[in-house]
Amino acid sequence: MTVSDKVYSLTHSQKTLTAAFAASPESSPGHLARTLYAEHHKKPISSGGYVETFMGMLRGNAHETQGIPSDEPTQADLDRAAECGDFGSRPSDLFLKIYCDVLATLDTNPWAGVVSPPLLGSRGVVNLSIISVIPDIIQHHYDCIVRAESEVFLATNFWQSSKSASKICDALLELSRRAMKRGKKVVVKMMYDRANLKMLTESHVIVDDAEMASDEVKLPKRSDMPGIDFELVNFHQPVFGTFHCKFMIVDRKMALLNSNNIQDRPNVEMMIHLEGPIVDSLYDTALISWFRPMHPPLPLLDTRYRPPEGGYKFGMDNEYATTWILDGSKGAELSRKLQQEAGGIHDGHVDTGGKEDPASSGCQDAEVPFISGTYQTITEHLNAGDQPDTHASLPYEPPASSRDEYTPHILHTRHEECPMVLVNRAPNGNPGNPASGLQNAQDAAWLAGLKYAQRKVFIQSPTFNAGPVVEGILNAVRRGIECTLYIDVGFNDGGEALPGQGGTNEEVSKTMFAQLADEEKEKLKLYWYTGKDQIKPINASARKRNCHVKLMIIDDSVGIVGNGNQDTQSWYHSQEVNVMVDNPTICQEWFDGVRRNQNTHLHEVGKDGIYRDKDGNPLTDSTGVGSGFRGVVKGIQGSIARARGKGGF
């Protein structure tokens, strides 16, 4: 599949939204974006509220290109695709094949990746990944925010008054204090999605002081943050176009891309810390998403990413690292060493409940592992202070090797810049799931990964029901590809049971196996997520041990990670941000982290799509919600809860 002259021209253009906005900072980035590639007659993102959605429903999708590439790229195609990104070094053929399909979406719409085309293909490093509970990820957000010197851009889907939100508030207050001490304000832009009727004609709504102070939000008053110029936008494209993004950029030096919202949930989540030119790509996406004029503009609009002096830093050498990221026996040893050298270990507020911090006291017990900078049991860590009644059903056994220790923070092996591509999708508020809805970078990358895999595919997602990914997995299995799925039984059953959403995870599991021949079933390995301290899966509806990680790894070498779930909402409607990474070592470290910190690999679903424990008994805590009338009622209830900010996905 040849990269067209139009796409080649777009990716080699000198125009980017970031550059245009830097030249005209009083303008609206959304309106500027419409002028950059005007000859292609497409806009980057919707912002017209309910009115625009209803007008779009009337117009339909008659003019949209609906074809998905079916032919495999030639070597000449791969060579041409390699020229369409700032990769630094030539990517692998597998990465380039997937990228060819991503590039094809630009033929329909140059903004199909929700990033200026010249910034679609880039490069960078992954310094740190966290596969853990929300407090660990929020702690790293805190540690990065308080170090900001000029600007912060923070995007989340749900912001809900909670311990997690309070920690971010603490970070903003501390940042303000440090900025006042330096005598230079920091500009902070924040986005979330709390759909409301103000979005009749405008999808991007400036949040006023009253909403910031409401019980559901509880952000600090602007007057309490005198060192910060703070601006907040509430974005939702009615009716179904959720702003599902979760990322943060600090000083155009680093970015966090994560699966979790800023709320308290019993979820294991995933976050990656990125540095390199890929940060500028995420920055461009942030400007498109913001859409509105900025008051004041971000101060670093005309400052491109610059690598750190002396090269990229990993582990505790990184300027954003604190001992909160240390786990296991090696982490405990390093923590003690740093404590002796510096006389203190944590950067940020430590809530020890009035007790002495075990890490500070240096106490050690072979039966109590070192996790997140302190000695605690795995159950205490997974409970995260919010689930005192959730107990381990599997006794802890110290691992025989440090490689098998419970270490939710992955301090990646030092590596050079590797090729990366932002694979995003824009929000779509219209009902229905037309084929044209797949014409975006995210969906194209996922489908291409399944299509071009030669040996294996691994996916972890809380939900799994979108028609294209179900079909893609079945087709891959039929051509002999081993497909391993880690899915969360019962996750959001009410919402997934609504008409048009694809069904619950349990329904899809049984349906998939029923469509395969016996010999084909051996290639499909589906597991229900199981917490590290549990002897079997717990239905997600119990809100005790859930998993919200979103990760795809193809042939152990190309990984796609970010915001998107493998459900109908993420495939057809929500705005998502994801990054595709071409690095076998990083992919292996991700997979090892997933396996090491869960017991999911021990709990495979039967070849009839039904899970049974070691005694042959099926799970007894199923919600029983299906796609019938009860499912519709439960789904409507869940949708109302999400609209009120009391749910999350």
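Reader: To begin, how many helices and strands are in the chain?

Author: The predicted model has 21 helices and 19 strands in the chain.

Reader: And what percentage of the residues is buried?

Author: Of the 649 residues in the chain, 61% are buried.

Reader: What about contacts between residues at least 6 apart in sequence: what percentage join residues at least 24 apart?

Author: Among those contacts, 79% join residues at least 24 apart.

Reader: Turning to the rings, how many aromatic pairs are there?

Author: The count comes to 11 aromatic pairs. One of them is formed by Trp446 and Trp571, with 5.1 Å from centre to centre and 45 degrees between the planes, a tilted arrangement.

Reader: Which parts does that pair tie together?

Author: Trp446 belongs to helix α14 (residues 441-452) and Trp571 to helix α19 (residues 568-572), so the pair connects parts that are 125 residues apart in sequence.

Reader: Are Trp446 and Trp571 buried or exposed?

Author: Both Trp446 and Trp571 are buried.

Reader: What is the geometry of the pair formed by Phe458 and Phe591?

Author: Phe458 and Phe591 are edge-to-face, with 85 degrees between the planes and 5.1 Å from centre to centre. Because Phe458 lies in strand β13 (residues 456-461) and Phe591 in helix α20 (residues 584-596), this pair ties together parts 133 residues apart in sequence.

Reader: Why is Phe458 classed as buried, and how does Phe591 count?

Author: Phe458 has a relative accessible area of 5%, and buried means under 20%. Phe591 counts as partly exposed, at 24% relative accessibility.

Reader: Which residues do ring pairs link into a cluster?

Author: The cluster consists of Phe458, Tyr486, Tyr527 and Phe591, linked by ring pairs.

Reader: Changing topic, which residues lie over the face of Tyr142 and of Tyr283?

Author: Lys167 lies over the face of Tyr142, 4.5 Å from the ring centre. Over the face of Tyr283 lies Arg252, at 4.1 Å from the ring centre.

Reader: Finally, at what angle do helix α5 and helix α6 pack?

Author: Helix α5 (residues 75-82) and helix α6 (residues 93-108) pack at about 75 degrees, with their axes 9 Å apart. The two helices are therefore roughly perpendicular to each other, as angles of 65 to 115 degrees count as such.

Reader: Which residues make the contact?

Author: From α5 come Gln75, Asp77, Leu78, Ala81 and Ala82, and from α6 come Asp93, Leu96, Lys97, Tyr99, Cys100 and Leu103.

Reader: How does that contact divide by class?

Author: The contact of α5 with α6 has seven nonpolar, one polar and three charged residues.

Terms used: Residues are numbered from 1 along each chain as its sequence is written. This is a predicted model: local features need pLDDT of at least 70, side-chain atom pairs count only at pLDDT 80 or more; totals for chains, interfaces and linings use all residues. Side-chain values use heavy atoms; hydrogens and water are left out. Rings of Phe, Tyr and Trp (its six-membered ring) pair if their centres lie within 6.5 Å; planes under 30 degrees apart count as stacked, over 60 as edge-to-face and the rest as tilted. Helices (H or I, at least four residues) and strands (E, at least two) are DSSP runs, numbered from the N terminus. Buried means under 20% relative accessible area, exposed over 50%, partly exposed in between (1.4 Å probe, protein chains only). A charge sits over a ring if NZ of Lys or CZ of Arg is within 6 Å of the ring centre and within 35 degrees of the ring normal. Axes are lines fitted to C-alpha atoms, for helices over the stretch in contact, and angles run from 0 to 180 degrees between N-to-C directions. Angles under 35 degrees count as roughly parallel, over 145 as roughly antiparallel, 65 to 115 as roughly perpendicular and the rest as oblique. Contact means heavy atoms within 4.5 Å. Ala, Val, Leu, Ile, Met, Phe, Trp, Tyr, Cys and Pro count as nonpolar, Asp, Glu, Lys and Arg as charged, and the others, Gly among them, as polar.
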